[in-house]
Amino acid sequence: MWVLFSIIALLCWSGSDLFSKIGCRDARDKYSHLKMVMAVGVVMGLHAAYEVFVGGTVINLDIILTYLPVSILYILSMAMGYVGLRYIELSISSPICNSSGALVAVLAILFDGIAGYSPLALFAVALVCVGAVGLGVVEAREDDELRIERQKASNYKYTKSFMALAMPAAYCVLDAAGTFADSRVLEIISRTVEDYEASANVAYELTFLATGIGCLVYLLARREKFTFKAELPKYVGAACETVGQLFYIYALADEEHVMMSAPIISAYCVASVLWSRLFLKEKLSWKHYLMIGFVVAGIVILGIYDI
C-alpha cells in the first residue's frame, strides 16, 4: 500500500499547488491570498475537530501556545506563497518554495556543524541552492521580448517584478525557519503528551482556523464579495493539501519502504510543473527547466537522505 499512499500524497500536494494557483492568480483580486488562507483554515479546522472528537488527540491551550511560534512561521510562509502566485508562473514558484528543505539543512549546518552530513547530502543541498538561486537569476535576467514570446500560449501573462521572486523566496525562508524550530518545540511538547506530533499538528490546524476566521472578519469589514466560481478552486486546493498530509503520514508509517516512498513524495513539485504546463499552458525556457532539474534532483536526494 505504500506505493499507492505515496502516489496519492504526490498527486494531492501537486494538485494543491495547481488549484491554489488557479484560486490566487487573478492580480485584480488583491485579497485572493486572504481568501486562500481562509479556505485552508476552514478545511484544517474540520480535520482538527475530527482528530480531537473522533481520534482522541490531546489538545489544550498550553500546547497551542507552546507551538504558536512554529504555527505562525508556517502560516506566514503559506500566505506569502499565495501572494506570489499572482505574480509568477507556478512552474517557477513551486520549485523555489520547495527548496526550503535545503535551507533547513543549511541552518542546521550553521548551528550544529557539518558533522553527520554525508558528502551526498551536502551535494544535494548545493544542488537545490544552485537551482533555486539560478531560477531567480534566470527569471530576473530574461529578455522581455523572449518572455512575451514564450508566454503567448499561456493563460496568464507575467512581467518582471520584485514581488514575483520575493514572495516564493519569503515562503522558502519562513518555511525553513518553521521546520528548523519545529523539532525544538516538539521536544518541549513531548514532555507532557505521549502522541505529541498529533497534538502539535492539531494545534497548528486550530491556529490556522483562527487565522482564517480573522481573515473572514477583515474581508467582511471591507465588504469583499465572494463567488462560488472564484472560491471553489481555493477549497479544492485546501482539501488537497490536508489529504496529502494524511497520506504522507500513512506512506512513511511503512518503515520498511520509507527509502522508496520519501523520494516519490519529495518529487511532487515535478508534477506541479507538469500540471502547470498541461492546464495553465505555462512554457519556460530551457534555462528555467535546467535550474528546476537541479532543484528536483537535490530534493529527491535529500528525501532519501532524510530517512
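A word on the ground rules before the tour. This is a predicted model, where local features need pLDDT of at least 70 and side-chain atom pairs count only at pLDDT 80 or more, while totals for chains, interfaces and linings use all residues. Residues are numbered from 1 along each chain as its sequence is written, and side-chain values use heavy atoms, with hydrogens and water left out.

Let's begin with helix 8, residues 162–189. Helices here are DSSP runs of H or I with at least four residues, numbered from the N terminus.

Now to the interior. A nonpolar core here is a set of buried Ala, Val, Leu, Ile, Met, Phe, Trp, Tyr and Cys residues joined through side-chain atoms within 4.5 Å, and buried means under 20% relative accessible area with a 1.4 Å probe, protein chains only. The largest such core has 45 residues, and V40, Y67, M78, Y82, I189, Y204 and F208 touch the most other members. Among the elements giving it two or more residues are helix 1 (2–24), helix 2 (32–53), helix 3 (61–84), helix 9 (196–221) and helix 10 (228–253). Apart from it lies another core, of 22 residues, including I96, V296, I299 and L302.

What does F208 touch, setting aside residues up to four places away in sequence? With contact meaning heavy atoms within 4.5 Å, the list is V37, V40, G41, M44, I75 and M78.

T207, in helix 9, is buried, with a relative accessible area of 10%. Beyond its neighbours within four places, T207 is in contact with I64, L68, S71 and I75. T207 and L68 are 139 residues apart in sequence, yet their C-alpha atoms are 7.5 Å apart.

S77 belongs to helix 3 and counts as buried at 0% relative accessibility. Its contacts, again leaving out residues up to four places away, are Y171, L174 and D175.

On to the rings. A search of the whole structure finds seven aromatic pairs; rings of Phe, Tyr and Trp (its six-membered ring) pair if their centres lie within 6.5 Å, with planes under 30 degrees apart stacked, over 60 edge-to-face and the rest tilted. F5 and F247 make a tilted pair, 5.6 Å centre to centre with 50° between the planes. That pair joins helix 1 to helix 10, across 242 residues. Y74 and Y204 have centres 5.8 Å apart and planes at 75°, so they are edge-to-face. Y74 is buried at 13%, and Y204 is buried at 11%. W13, Y248 and Y268 form one aromatic cluster.

Lastly, two charges sit over rings, which requires NZ of Lys or CZ of Arg within 6 Å of the ring centre and within 35 degrees of the ring normal. K35 lies over the face of F226 at 5.4 Å, and R184 lies over F180 at 4.0 Å.

Note on methods:
The expected span of a helix is 1.5 Å times one less than its number of residues. Buried means under 20% relative accessible area, exposed over 50%, partly exposed in between (1.4 Å probe, protein chains only).
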